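Colleague: Hey, could you walk me through this one? I'm new to it.
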Amino acid sequence: MDAPWLEVNLSKIRHNAHSLVKMLGLSGIEAMGVTKAAMSLPGIVRAMQLGGITCFGEVRLSGLRALRQSSSGRRIVLLRSPMISQVDRVVRLADISFNTDLNVLRALSAAAVAAKRCHGIVLMVELGDLREGIMPADLQESVQYALQMPGLSLVGIGANLACRYGISPDAVNMGELNDLVEETERTHGISLEMVSGGSSSSLSWLCTGVDPGRINSIRLGEAILLGRDPLTGEALSGLCDDAFTLFGEVIECKMKPSLPWGVVKRNGFGETPATKDRGLVTQSIVALGRQDTDPAALTALGGEQITGSSSDHLMLEADYKAGDLVAFTLGYSALLRTMTSPTVEVHEFWSDAPMPLPSS
Ligand SMILES: *Cc1c(COP(=O)(O)O)cnc(C)c1O
């Protein structure tokens, strides 16, 4: 195997999926598996399926295609409003798409009719994080519009939080989602099958023992893949937070001053990193950089401090020798970039190691 490479313990992903499916099932909530951060690799999709996931979410056509190939018979959801330029493919690849824009709905409707298909729609409402979503005051008008569109079927309502401003799910915004669902059903005399109450960041709110109301689905990427709560970065109890490990090889190790010398301007990334004189330090360089991963979201397993990075070099304060391997755990943005980078080989395996006990 060529360094750098990423090891993926599929047993741990299956364990996380299974634990979350079971835990949410107790409250009547479906766990939708979001596979985009793992590029919907067949092994990872399979691990989620074995853990009991039956509905998958993706955001790009390439991801939808990968899901179609590896999860036959499963429900596939496009989690981002379709591009008008892609609606013909969206109605073929996804069973359902998330929507917010009436022009997109019109184009989707025409594409669904042309393909002789019925395409499911979830309308997303804005609850304060100011990313996608219909303003609550405009929701009923959009519902009315969607209901009239041939080829489309209104499956549900959803919301997204915590992605732009980190606005966290709570009784107020989740209560508003609930009220909007009931208002919609009353106003139009319909019943909504899916109420999608957010992402991994909704877990901590749901786990406080609240009544989820009409929420019957949440979309889980980070919680299944990394076993962590995005709101805090902390491991979720009973889950594995080490399914992914990134390995890089050391190419230089030297004693060097900790303070750079010469005239300071910007580095290659437009930054001027803070410096501090700590005398001589032992610096190891790993052949790994921002083109392969997000070094800011890596943690060296041995606890050594990462002191800097450029496109292809990562500096560690550690006493290795050239040829040594260094292992890192990944935060979400490191996972995202590592999986997306063709410069990192991915190695998936199943292990029989004991898994954490389910949380009580
Ligand atoms: C990526 C994505 C998710 C998954 O978020 P996690 O924090 O990884 O659980 C959920 N919803 C939407 C709309 C997404 O794009």
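Colleague: What volume does the largest cavity have?

Modeller: About 50 Å³, where a volume is the space filled by probe spheres set on grid points joined across faces, edges and corners. By cavity I mean a set of points on a 1 Å grid over the protein atoms alone where a 1.4 Å probe fits but cannot get out. Bear in mind that this is a predicted model, with local features needing pLDDT of at least 70, side-chain atom pairs counting only at pLDDT 80 or more, and totals for chains, interfaces and linings using all residues. Residues are numbered from 1 along each chain as its sequence is written, and side-chain values use heavy atoms, leaving out hydrogens and water.

Colleague: Which residues line the largest cavity?

Modeller: V59, L61, L78, R80, S81, P82, M83, Q86 and V90, with lining meaning an atom within 4 Å of a point.

Colleague: OK, new topic. How many residues does helix α7 have?

Modeller: Helix α7 has 18, running over residues 171-188. Helices here are DSSP runs (H or I, at least four residues), and strands too (E, at least two), numbered from the N terminus.

Colleague: And which residues of α7 are buried?

Modeller: N173, M174, L177, N178, L180, V181, T184, E185 and H188; buried is under 20% relative accessible area and exposed over 50%, with a 1.4 Å probe and protein chains only. They line one face of the helix, because they fall within an arc of 155 degrees seen down the axis of α7, going by directions from the helix axis to the C-beta atoms.

Colleague: What's exposed on the other side of α7?

Modeller: A171, V172 and R186.

Colleague: Which residues are buried in helix α10?

Modeller: A334, L335, T338 and M339.

How values were computed:
On a 1 Å grid over the protein atoms alone, a cavity is a set of points where a 1.4 Å probe fits but cannot get out, and a pocket is an open set with protein on both sides within 12 Å along at least five of seven lines; lining residues have an atom within 4 Å of a point. The expected span of a helix is 1.5 Å times one less than its number of residues.
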